[in-house]
Amino acid sequence: MLTLHTAPLLRTAPDAPATAGAAVVVRADRIIAVGPLAELTGTYAGARFRRWPGTLGPGLVHDGPLPPADTPRERVHTLLRLGVTAVLADHLTDPALRAAVERSDLLVLPVAVPPTLVAGRRADLAVHDADGTCLVTVVAGRIAHRRA
């Protein structure tokens, strides 16, 4: 199924300028297109439409120890609530924690790589409000966190 994600502002990379009137098209776990909303709406007319408030951008890479919580699953969910879609392998020495990360489909990276929204890449997105609160986290094309 095709999904078109849009928000008032879109960043294709953490340090890229935010642009208005843009969108990301996702099929399964991949980004199919990134571009002007009007163009993508016409090209992908049958896509499910997700309009989010805030700024849509790539998911975050967590480059430190995972936050403490009672269970590995809760530790992973804490990251999802922040917009994290990837963690560094160095911080996953506990087998139970690594298993929880893998079950959640978070990427495990050997080194920190700046995330980008580019056609062909995995659909790892996050939407943040003006105050930095994560509103939505999309991991491999599926909503893994949505603020109520």
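Author: Axes are lines fitted to C-alpha atoms, for helices over the stretch in contact, and angles run from 0 to 180 degrees between N-to-C directions. This is a predicted model, in which local features need pLDDT of at least 70 and side-chain atom pairs count only at pLDDT 80 or more, while totals for chains, interfaces and linings use all residues. Residues are numbered from 1 along each chain as its sequence is written, and side-chain values use heavy atoms, without hydrogens and water.

Reader: Why are α2 and α3 called oblique to each other?

Author: Helix α2 (residues 72–80) and helix α3 (residues 95–103) pack at about 50 degrees, with axes 8 Å apart. Angles under 35 degrees count as roughly parallel, over 145 as roughly antiparallel, 65 to 115 as roughly perpendicular and the rest as oblique; α2 and α3 are therefore oblique.

Reader: Which residues of α2 and α3 meet?

Author: Pro-72, Arg-73, Arg-75 and Val-76 in α2 meet Ala-96, Leu-97, Ala-100 and Val-101 in α3 (contact means heavy atoms within 4.5 Å). By class, the contact of α2 with α3 has six nonpolar, no polar and two charged residues.

Reader: What makes His-128 buried?

Author: Buried means under 20% relative accessible area, exposed over 50%, and partly exposed in between (1.4 Å probe, protein chains only). His-128 has 17%, and is therefore buried. His-128 lies in strand β11 (residues 125–128), and its side chain reaches the backbone oxygen of Leu-82 at 3.1 Å.

Reader: Which residues of α2 are buried?

Author: In α2, Val-76, Thr-78, Leu-79 and Leu-80 are buried. Their cover includes β8 (60–62), β9 (84–88) and α3.

Terms used. Helix = DSSP H or I, 4+ residues; strand = E, 2+ residues; numbered from the N terminus. Nonpolar A, V, L, I, M, F, W, Y, C, P; charged D, E, K, R; others polar. Polar contact = N/O pair within 3.5 Å; in protein donor to acceptor, adjacent residues only side chain to side chain.
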